[in-house]
Each structure stands twice: as structure tokens, then as C-alpha cells.
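Hi,

Here is the structure I promised to send over. Have a look at it first, and my notes on what turned up follow below.

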Amino acid sequence: MASERLQFHEMGIDDRLLKAVADLGWSQPTLIQEKAIPLALEGKDLLARARTGSGKTAAYAVPVIQRILASKQSVREQDVKALILVPTKELGQQVQTMIRQLTAFCSRDVRVADVSGKADVSTQRPILMEKPDIVVGTPSRILAHLNAQNLLLHSSLEMLVVDEADLLFSFGFEADLKNLLCHLPKIYQSFLMSATLSEDVQSLKELLLHNPIILKLQGSQLPDSSQLQQYSINCEEEDKFLLIYTLLKLRLVQGKTLLFVGAVDRSYRLKLFLEQFGIPTCVLNSELPVGSRCHIISQFNQGFYDYIIAADEESLAVPAEGAASAEAAAGKGKKKKNSAGKSKDKEFGVSRGVDFQNVSNVINFDFPTTVESYIHRVGRTARADNPGTALSFISHKEVALLSDVEEALTGDHSGSVLKPYKFKMEEIEGFRYRCRDAMRSVTKQAVREARLKEIKQELLNSEKLKTYFEDNPRDLQLLRHDKDLHPAVVKPHLRNLPDYLSETGSQTHHLYTKSDVVLIFQNTRGKDPLKSFRYTRGKNRKGKAAQS
């Protein structure tokens with residue numbers, strides 16, 4: 001069957017694009033790419049539904065770049081030809097990175113600019129004045145530039161892409177999208193890419209598409225059970241902390257792991273709890289600067305960290321004032337007083353569209369409140385052809401939510417169901433006293449202090465990312481985001497796991513051997529003697545015996 005599939009070199013793509021595709025290691029197109037690219041090159045409008053990790057970004061990026069390269073052969077005038085709308089800043093940066101990889105051998109002919117970041121509109125004006133061929137941004141930021149006349153599209157735009165279309169309305173961009181349409185020409189080619197075909201996507205279809213071809217390529221929104229193993233376990237609040245401590249400390253969970261919680265406070269509470277046991281984690285939420293968030297994701301993808309605690313807040317999924325967001329982006333409401341979310345970034349979504357690479361496991365520490373959120377969270381693992389595991393902790397309050405997810409997935413594909421995770425909680429009762437000891441240290445005050453400390457530190461990091469690291473890119477790797485916060489009372493004894501609690505522990509019952517002592521304290525000579533240690537091996541006792 002593989003030989004019958006359409007290959008990249010059979011699609012009429014420019015040789016420079018084919019070379020970039022080969023450098024990326026793509027031996028053959030994914031199903032969405034195989035179907036969408038030829039249709040897009042014919043000038044058709046597309047509405048494509050394909051699950052997360054199926055290659056949707058390249059499915060529209062390749063034809064967009066190809067059309068621009070073709071037009072450059074006859075028209076030399078520089079202008080904005082393509083607009084790509086994304087729901088989050090993180091996704092905007094990733095789309096720009098993907099396009100730059102695909103244009104590695106034609107970067108002079110095809111230029112891309114991402115304006116979804118937090119920089120002022122006036123700061124980004126010079127970038128847009130150069131008229132890049134492709135502009136990437138959130139609807140609110142694009143509208144702000146259109147209103148400021150930094151961007152003119154009514155005569156030049158040829159292609160419009162809406163990525164993760166099912167999320168744009170839930171992020172409060174409905175008003176922005178409708179206002180944005182007034183600035184576009186009457187005729188242009190449109191692509192809508194989505195993981196689900198919700199009512200919001202149908203509304204977008206009516207607004208943007210003209211006689212579209214609808215591609216529903218996967219019956220299931222998640223991979224089947226041969227690729228993605230989905231489990232659930234019933235446990236209440238204290239048991240959640242006990243179980244996550246045991247799974248991570250005993251290394252029962254292998255590989256890079258995303259832990260999802262429902263709120264920012266919960267992410268810091270879990271981080272401080274795991275710090276007690278010497279388990280380093282990163283926190284990712286809407287309060288951190290966008291530069292720090294993107295750097296955390298980049299370092300996680302490079303293998304710097306094993307665990308990220310992601311706050312996938314449902315407050316971000318509540319429709320907000322779309323028009324107001326454009327004003328805020330334009331700088332008209334910089335000191336807007338909104339106690340409910342003054343420091344949260346509306347254009348943020350950890351589970352939504354962000355490309356975490358080689359994630360082995362997703363753990364829903366707090367179960368998501370909607371089926372769509374579950375699909376987007378779990379979709380971070382088992383991407384492309386890689387295997388993955390999803391484990392959900394279910395309290396008695398979340399049982400109804402689990403039923404909704406199981407019903408949706410069972411109706412979608414008979415193989416995509418959550419199996420019970422057969423873990424005998426009684427076997428880890430010996431860890432409970434240590435768990436409670438750690439939880440007593442993680443007070444509300446400690447969480448509040450940790451939250452403030454992390455935000456202050458990441459704001460400093462963000463400034464460094466913007467200035468110093470531009471001139472010193474190598475030093476960027478030294479900036480880590482999983483350091484201990486330590487506002488809680490740290491109990492050092494919790495870091496070490498006694499042998500009697502671990503089946504894999506040594507059968508010996510002493511804490512250190514002679515070599516251990518030498519190894520630990522060999523570097524203390526020449527320092528304060530009160531803070532050093534010397535193993536004398538009983539010499540003092542022999543001396544005293546001789547004196548007596």
C-alpha cells in the first residue's frame with residue numbers, strides 16, 4: 001500500500017522545497033498531507049479535520065510556500081501574500097519555525113514574520129513595513145496591526161489559513177475574526193485546519209470558505225489502542241499526591257511526561273510537593289512571560305527536562321471580549337483593571353496546538369472538564385507514529401466527566417477507551433506518611449510565595465532572553481526552568497528513599513558505605529571545619545585506649 005501512496009516528489013513541488021522536506025527526514029507524506037497538498041495547489045478551499053500530531057501544519061505550509069514561489073517567477077513586487085491565524089502565541093512561534101525550516105533553501109524568496117508575541121505593535125511595525133510574504137499571528141494582534149495601518153491586505157492577500165480553527169472561538173476571537181474580514185479582499189483561497197468539527201468550526205466555514213472540499217481523514221480524534229494506551233484510576237485528593245509521588249520517585253513512569261492540572265495554584269502546589277522528594281519539574285502557565293514559556297517548551301523538546309506541570313486553565317476557554325483584546329494589543333488598555341485575570345495571558349494554551357516533541361506520557365492529575373480538552377491534552381503524546389500512554393486520576397467529583405469522555409471516544413472509535421489502571425494502592429501505603437509529611441509543608445502561603453517568586457524570576461529571564469541571549473545564544477542553554485523554588489519548609493530526609501520502601505533497593509541496611517562517605521565529603525577540605533567531615537575509621541578510639 002505504501003508504494004501506491006502519493007509521494008512529495010509527485011506533487012509538482014519546487015526542488016528547493018523537496019530538499020528541505022528531505023532534510024527534515026520526511027520520507028513520505030502523512031495522510032492529511034497526501035490529500036490536502038494537491039487540492040490546495042489546485043486552488044481549492046479546504047476544511048480539514050485530522051487529529052493532533054498528524055502533520056496539519058505542513059499540509060498547509062507546503063502549498064502556501066509553493067504558490068508564493070510560483071508567483072515570484074512572474075511577479076517581482078514584494079507584498080504580503082499569505083496570512084496564518086493561530087489561537088496562541090506559542091503556536092505562532094512554532095508555525096514560523098516550521099515555515100523557516102521548509103524555506104531553508106529559498107529564504108530570500110519567501111520571508112515569514114510572526115507578530116503574535118507580546119512586543120508592542122509599534123515595535124513590530126518595521127517588520128511589517130518590509131512586507132514579508134507570510135504573516136503569522138493571533139486574530140487580535142493582526143487586527144491591531146490592520147487598525148494601525150501597519151498591515152494592508154485588501155489588495156495583496158491571496159491565501160488565508162486558520163490553524164486549530166476549533167479553538168479560535170473558545171479563546172474569544174469571534175469578534176476579532178468578523179472585524180478582520182472587513183480588511184480582506186473579496187477573493188482569496190482559505191484553509192481551515194482543525195482537530196474537531198464543532199459548531200464553531202461550522203460557523204467559521206460559513207464566514208471564510210467558498211465551496212470548500214471537506215476532508216475528514218480519521219474517524220478517531222485520537223490514535224487507536226495499538227499506539228495510544230489510555231488508562232484511568234479512581235483516587236481522591238490525597239491519593240493523587242501519593243500516587244504521583246510513587247510513580248515518579250520509583251521511576252514507574254519512563255520518558256518525558258506532561259502533568260496537567262486545572263489551575264495555576266495547583267501547578268505550584270504540585271511542584272513544591274515534588275520538590276520535597278528531590279523531583280525537579282517545570283511549571284508552565286498563562287502567567288509566565290511568553291518568552292519563558294517558549295524557552296521551556298524548546299528545552300523540554302531538547303531533553304533538558306523530564307516533567308512539565310502544565311496549568312490548562314478552563315478560565316482561558318471562556319469566551320472573552322474579542323474586540324477588547326485588539327484594543328489591548330494596540331496599547332489602548334495597558335492599565336486595564338481586571339482583578340480576575342490581570343496577569344493571565346488570554347492567548348495561551350498548553351494543551352492546545354503546542355508542539356511538544358517525543359512525549360511518552362500524559363498524566364491528567366486533574367481531569368479536564370470537556371471532551372475537547374481531553375482530546376487536546378492526550379493528543380500531546382502518541383504523535384505521528386510514536387507510541388504513548390495517557391493516565392487520568394479520577395476523583396468522585398470527576399466521574400461524570402469521565403463518563404462523557406468515554407461515551408465520546410467509544411462512539412468515535414471502538415478501540416479508543418480508557419481502561420482501568422490496575423495499581424494496588426495498598427502496596428504503597430508505606431509511602432503515605434512521607435506524602436503527608438510533605439503536604440504539611442506545602443501551605444497556601446508557600447504556594448503564594450512560590451507563585452510570586454517564579455513570576456519575578458521568569459520576568460527577569462524573559463528580559464535576558466530578549467537582550468543578553470540575542471548576543472550570547474550559547475548561554476541560553478544554561479538558563480534552566482526546573483530549579484527548586486524552596487518557599488516551603490524543605491525536609492531533607494524525604495529526598496532519600498529508604499530501602500524498606502523500595503523493592504529495588506539494596507538488601508544492605510546501612511545508609512552509606514566507606515566509599516560513599518569519601519565521595520560525598522572529599523571536596524570539603526580547606527573549608528570551614530565545622531561544616532566538613534572526616535572519616536577517621538576508629539583512630540581516635542585507639543588513641544584513647546593507649547592513653548588509658
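This is a predicted model: local features need pLDDT of at least 70, side-chain atom pairs count only at pLDDT 80 or more; totals for chains, interfaces and linings use all residues.

Let me start with Phe 273: leaving aside residues up to four places away in sequence, Phe 273 touches Phe 241, Ile 244, Tyr 245, Cys 435, Ala 438, Met 439 and Val 442 (contact means heavy atoms within 4.5 Å).

Numbering runs from 1 along each chain as its sequence is written, and side-chain values use heavy atoms, with hydrogens and water left out.

Phe 273 is among the residues with the most contacts inside the largest nonpolar core, along with Leu 243, Ile 244, Leu 270, Ile 308 and Phe 393; that core has 55 residues. By a nonpolar core I mean a set of buried Ala, Val, Leu, Ile, Met, Phe, Trp, Tyr and Cys residues joined through side-chain atoms within 4.5 Å. Buried is under 20% relative accessible area, exposed is over 50%, and partly exposed is in between (1.4 Å probe, protein chains only). Helix α10 (residues 237-249) gives the largest share of this core, 7 residues. Helices (H or I, at least four residues) and strands (E, at least two) are DSSP runs, numbered from the N terminus. There is also a second, separate core of 39 residues, including Ala 50, Ala 59, Tyr 60 and Val 110.

Now the sheet. It is open, with 7 strands in the order β3-β4-β2-β5-β6-β1-β7 and parallel pairing; two strands pair if DSSP finds at least two bridges between them. β3 (112-114) and β7 (213-216) are the edge strands, each pairing on one side only. From one strand to the next, the twist averages 10°. Strands β5 (residues 159-162) and β6 (residues 189-194) are joined by 4 bridges, and Met 159 has Gln 189 as its bridge partner in β6.

Helix α3 (residues 56-72) lies across β2 (82-85), β4 (134-137), β5 and β6, at about 165° to β6. Helix α4 (residues 89-102) packs on the sheet too, touching β2, β3 and β4, and its direction makes about 165° with that of β3. For these angles, axes are lines fitted to C-alpha atoms (for helices over the stretch in contact), and values run from 0 to 180 degrees between N-to-C directions.

Next, salt bridges (a side-chain nitrogen of Lys or Arg within 4 Å of a carboxyl oxygen of Asp or Glu). The whole structure has 20 of them. Asp 109 and Arg 16 meet in one at 2.8 Å, N to O. Asp 109 sits in the loop between α4 and β3 and Arg 16 in helix α1 (residues 15-23), so this pair ties together parts 93 residues apart in sequence.

Glu 237 pairs with Arg 266, with their closest N and O atoms 2.4 Å apart. Here α10 is linked to α11 (residues 264-275), the two residues being 29 residues apart. Arg 266 counts as buried at 19% relative accessibility, whereas Glu 237 is partly exposed at 35%.

One last thing, on backbone angles. Lys 131 has a positive phi of about 55° without being a glycine, and it lies in the loop between α5 (121-129) and β4. Arg 251 also has a positive phi of about 55°, in the loop between α10 and β9 (257-261).

Cheers
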